[in-house]
Amino acid sequence: MSLKGFERRLEQAVEGTFSRVFRSGLRPVEIGRRLIREMDTGRSIDVRGRTVVPNSFIVYLSVEDHAAFAEIADSLQRELADAAREHAREEAYSFLGPVEVSFEPSDLRAGTCQVNGRLREGKGGAGAGSLVLPTGDRIPLGESVITIGRRAESTIVLSDPNVSRNHAEIRPAGSGWVLVDLGSTNGSRVDGIRVSIQPLEDGNEISFGNTRIWFEAS
């Protein structure tokens, strides 16, 4: 993956806080390098022959750096998780569950970090998977059914008038997920093709009315 691209995206995300927060000398790109190294060294082969890598990461920081990072911790954790997903796609790695990144204070000296990664299954043994909304928000998938529609009780509520009240569901199926249309008026589409039941694959574009969301298998 492009670590320069990762650092550039992070700088854009935190803007003016970047130079002030990282005075210690610890740069986000160094955390990214260590996280990716942890994925590469922690890889193994599962019973289905897939190359699986750590998906749950703890980044240990000095007390000073941990306090300084607090203001942008959420943005940095999201960027690191995205970096892990991008690297996994490029290397054909698989995850056993959602990618998680957390920061913990430690007795390390300022300007240094340590990344520990482990393989962690999703709840109920579910694999990795998420839906990316047009806003950029990410909905992790697990053992629960995700409902989509205009109805206020839906997991994902869409205000699009071309979306039915009870439009579709995304259900766990084996180690993955399937999209099930609930007889909606305007139908559900995967990569532009109208479907009634469709297993989802990494990168699929799912359309409900005029609204598009994306499925990511990591």
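**Reading a helix and a sheet**

Mentor: Let's start with helix α5, residues 73–91, in this predicted model.

Trainee: Which residues of α5 are buried?

Mentor: Buried means under 20% relative accessible area. In α5 the buried residues are Ala 73, Ser 75, Leu 76, Gln 77, Glu 79, Leu 80, Ala 81, Ala 83, Ala 84, Arg 85, His 87 and Ala 88. Across the protein chain, buried residues make up 45% of the 218 residues.

Trainee: What follows α5?

Mentor: Ala 92 does, and its phi is positive, near 60°.

Trainee: Thanks! Now, how do I read a sheet?

Mentor: Strands of a sheet pair through backbone hydrogen bonds, in either a parallel or an antiparallel way. Here, six strands make an open sheet with antiparallel pairing, in the order β7-β6-β16-β15-β12-β13.

Trainee: Which strands are at the edges?

Mentor: Those are β7 (138–140) and β13 (193–195), each of which pairs on one side only. From one strand to the next, the twist averages 30°.

Trainee: Could we look at one pair inside that sheet?

Mentor: Gladly! Take β6 (residues 130–132) and β16 (residues 211–216): three bridges join them in the antiparallel sense. Val 132 stands opposite Trp 214 in β16.

Trainee: How many helices and strands does the protein chain have?

Mentor: The protein chain has five helices and 16 strands. If you look at contacts between residues at least 6 apart in sequence, 56% join residues at least 24 apart.

Note on methods
Residues are numbered from 1 along each chain as its sequence is written. This is a predicted model: local features need pLDDT of at least 70, side-chain atom pairs count only at pLDDT 80 or more; totals for chains, interfaces and linings use all residues. Side-chain values use heavy atoms; hydrogens and water are left out. Two strands pair if DSSP finds at least two bridges between them. Helices (H or I, at least four residues) and strands (E, at least two) are DSSP runs, numbered from the N terminus. Axes are lines fitted to C-alpha atoms, for helices over the stretch in contact, and angles run from 0 to 180 degrees between N-to-C directions. Buried means under 20% relative accessible area, exposed over 50%, partly exposed in between (1.4 Å probe, protein chains only). Contact means heavy atoms within 4.5 Å. The expected span of a helix is 1.5 Å times one less than its number of residues.
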